[in-house]
Amino acid sequence: MNAIDPNLVQILAAVLFTLGLAVAATRRNIFFLLMGVELMLNAVNLSFVGFARTFAGQGSLLGHLSPLFIIAIAAAAACVGLAMVICIVRNRDSLDSDAYAEMKE
Amino acid sequence: MYPLWLIPVLPLLGFAVNGLLSLGSAGSRRGPSRGFVAAFAVAMPFLSFLVTVGATALIWNSGQAIPAQRLWEWLPLGVDGLAFGLQFDRLTALMLLFITGIGTLIHLYSVGYMREDRGFARFMAYLNLFMASMIILVLGDSLPVTFLGWEGVGLCSYLLIGFWHQDHANNDAARKAFVINRIGDLGFLLGAFCLWVAMGSEASLRYSDIAVFFQGDAGRALAGTPLIVAACALIFLGCTGKSAQLPLVTWLPDAMAGPTPVSALIHAATMVTSGIYLLARLSDVFVLSPQVMTAITLIGCATALYGAIAGMVQWDIKKVLAYSTVSQLGFMFMAVGVGAFDVALYHVFTHAFFKATLFLGAGSVIHALHHEQDMRRMGGLAKAMPVTYSSMWFGWFAIIGLPLGSGFMSKDLILERLWVAGPLGQGIFLIALLTALLTAIYMSRLMYYVFWSPSRVPAETRAHLHEAPFVMAAPVLVLGFASMVAGSVWFGLIERLNGFEVWLKPVLSAAQNVVASAHLPDPAAAPHDHGSLAWVVALCGVTAAVLGWIIARLLFKRGPKQSEPAPLAGFAATWTNGLDRIYDLLIVRPLQALAWVVARVIDQALLTGVLKGIGEIAGFLGEGYATCQRSRLRVSVALSLIGVVAVTAYLLMPVLSKAA
């Protein structure tokens, strides 16, 4: 079985994270914003697993476990986030994140 | 063990019962049963009086004081702690006998005077509380216990002056008495601290310890040191507050706003004499500071003269008596100042009788005239109120010093002691004699205006004129009689008749010997012409009294010129308010100015400025930051990204520079 170059794994993770960030920062649709956040979380998961493979040893178990927790918590966070989005949308009839600008004042 | 604790506890019980009754019946229109309240309130001081008589009999028979009784541990002071202790020596016996005796009579009188008042139970409760406090004051075996009573009587004085609290003037008078007394109380406390420091930190402030210390060599060595002088001066300040001497005098005339029995009990017979009691109790300390003793004489003299002159121009019958009290207290302080503690106490004793008589008699007059206090609406009352008139006649006879009245005995002894106290004393003697003359004039003026001049009572009041009821007339008559015979316990003109002096000798002789040896370096060369001097002084006193009476007869026989009361004007109005104006100018105004500076400059300008400035800065920074905070989510994300990049770059900088 061919070992994958660990650098490639980390580069892929970085690319995914940047994509997620770009989505979150540029799209105005709230659903895209949530998707961007999920993408960033999974990029971090990938990075964890990649490092766990690269530095195999006693501590590497943590690298395998953390993504499991992150997935569970991200699922919960997504639930809450979607629920909030639905509430907001019902309130405003808009998916545009720029419409919610009252927090400033 | 003789139950000394019963003496203060009995009136305290009366206070508790009547106080609870008064509180419990607050909702009812009529209040609790008058009969029960009256019986209980009068019985308690009377039982105290009986216990006091028993204790006095005990020390009469055994010839020595009842040892101090320590009731419970109280303060961690001295070697073995200071207990809440009571002591009953000859001085206590003297004070307690007339406090509880006259107190009981005045309670009885109050039953008649205050019967119709809605607050009857409350009034009797306060009077009982006053009795308990006053008893603790004189029965305490140490300065702290006395201070407890000292504060207690001040509180009761405040409560009773402002008893008719619906009237704002009464509340003002009560507050004034309270505040001025507080100044004196501060002096008492600081003086006690000084004394404690002087005696060393092992001292306990028990009177027995104070006497032993200051009669011993260690204490005598402290004579005239600044610490002792400060202690004496501060304690004397306390006494001027409680006993209404210059400069803390003005509260006493205003205190006449209270019901008349209060004026008789608290502001004439008992509380105001507690200053003299304290000076006598601490006589061993005071004789070690001749400067303060001189100051006491001078202040007493000035106060006596001030009170007498002020008494001349009053129209309110109670105000005349109030200024007369001030003046008589001045006499007592004069005597204390020349080291004649026993004579001062003798005057306290006789004054308690005749001044209580005069006040209660005035109360009967006011009662009969439906609360009329202005002497311009009185006159010719001798026939309508024969019992009151004859009682007040006894009181008048005693206070102006006509021969064989009690005031004659004590006042002449004061004059005599002043005369033998060196050149200063002889100067004071002349002023005291002038004051005695003025006393005779203003007291005779009162008698002329109230009893001897043609009647100016309005017709509708005259129809209802009545002699005081029995419960009021009887105590006044008893006191009037007592003010005639109370002087028989010490007759200065006859050598053997000095039971009073002998009685107090064990308590006061040590201090008085110190003063006497200062005046006369050789005790053997005591004035051998004592007898003839006494006769000359007595002649002077009687001349002053008779002359004052004659002058008053010439001036006031026909009654006041205008019968309709007009507001005081000219000298009469400004004289007695002069002191208030001086206080206003010297103390109140500067304090107000200071308060203004603190409020406006320090508080509003400085403190508020700094605090507001801090708030402004935070607000300003917040405003600036808020402009950076874009509300759009995308921008926020982008900004936080920039922040993360910046932080990461900063953290990586050392690594990168090393790599480079």
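**Exercise 1. The hairpin of chain B**

Task: In this predicted model, find how many residues lie between β1(B) and β2(B) in their hairpin, and which turn residue has a positive phi.

Solution: 
- Locate the strands. β1 covers residues 66-75 of chain B, and β2 covers residues 82-88.
- Check the pairing. The two strands run antiparallel and share 6 bridges.
- B:Gln69 is partnered by B:Leu86 in β2(B).
- Read the turn. The hairpin has 6 residues between its strands. Within that turn, B:Gly78 shows a positive phi of about 75 degrees.

**Exercise 2. The buried side of α7(B)**

Task: Determine which residues of helix α7 of chain B are buried, and what they pack against.

Solution: 
- Take the helix, residues 207-215 of chain B. Its buried residues include B:Tyr207, B:Ile210, B:Phe213 and B:Phe214.
- Look down the axis. These residues lie on the same side of α7(B), because they cover an arc of only 130 degrees.
- Recall the helix geometry. Residues three or four places apart point the same way, since an α-helix has 3.6 residues a turn.
- List the partners. The buried residues of α7(B) pack against β2, α6 (168-199), α8 (217-220), α12 (274-281) and α13 (283-286) of chain B.

**Exercise 3. The form of chain A**

Task: Compare the radius of gyration of chain A with that of a compact globule of 105 residues.

Solution: 
- Note the elements. Chain A has 3 helices and 0 strands.
- Chain A has 17 Å, whereas the compact globule would be near 13 Å.
- The C-alpha atoms fill roughly 55 × 30 × 25 Å along the principal axes.
- Check burial. Of the 105 residues of chain A, 12% count as buried.

**Exercise 4. Confidence**

Task: Find where in chain B pLDDT stays under 50.

Solution: 
- Begin with the average. Chain B has a mean pLDDT of 86, and 95% of its residues score at least 70.
- pLDDT stays under 50 over residues 521-525 of chain B. The model gives this stretch 3 contacts beyond four places in sequence.
- Close with the complex. The predictor gives an ipTM of 0.71 and a pTM of 0.77.

Conventions: Residues are numbered from 1 along each chain as its sequence is written. Chains are lettered from A and ligands numbered from 1 in the order in which they are written. This is a predicted model: local features need pLDDT of at least 70, side-chain atom pairs count only at pLDDT 80 or more; totals for chains, interfaces and linings use all residues. Two strands pair if DSSP finds at least two bridges between them. Helices (H or I, at least four residues) and strands (E, at least two) are DSSP runs, numbered from the N terminus. pLDDT is the predictor's confidence in each residue, from 0 to 100. Two residues are in contact if their C-beta atoms, placed from the backbone, lie within 7 Å. A residue is buried if 20 or more other C-beta atoms lie within 10 Å of its own, exposed if 12 or fewer, and partly exposed in between; C-beta atoms are placed from the backbone. The arc is that of the directions from the helix axis to the C-beta atoms. The radius of gyration is taken over C-alpha atoms; the globule rule is 2.2 Å times the number of residues to the power 0.38.
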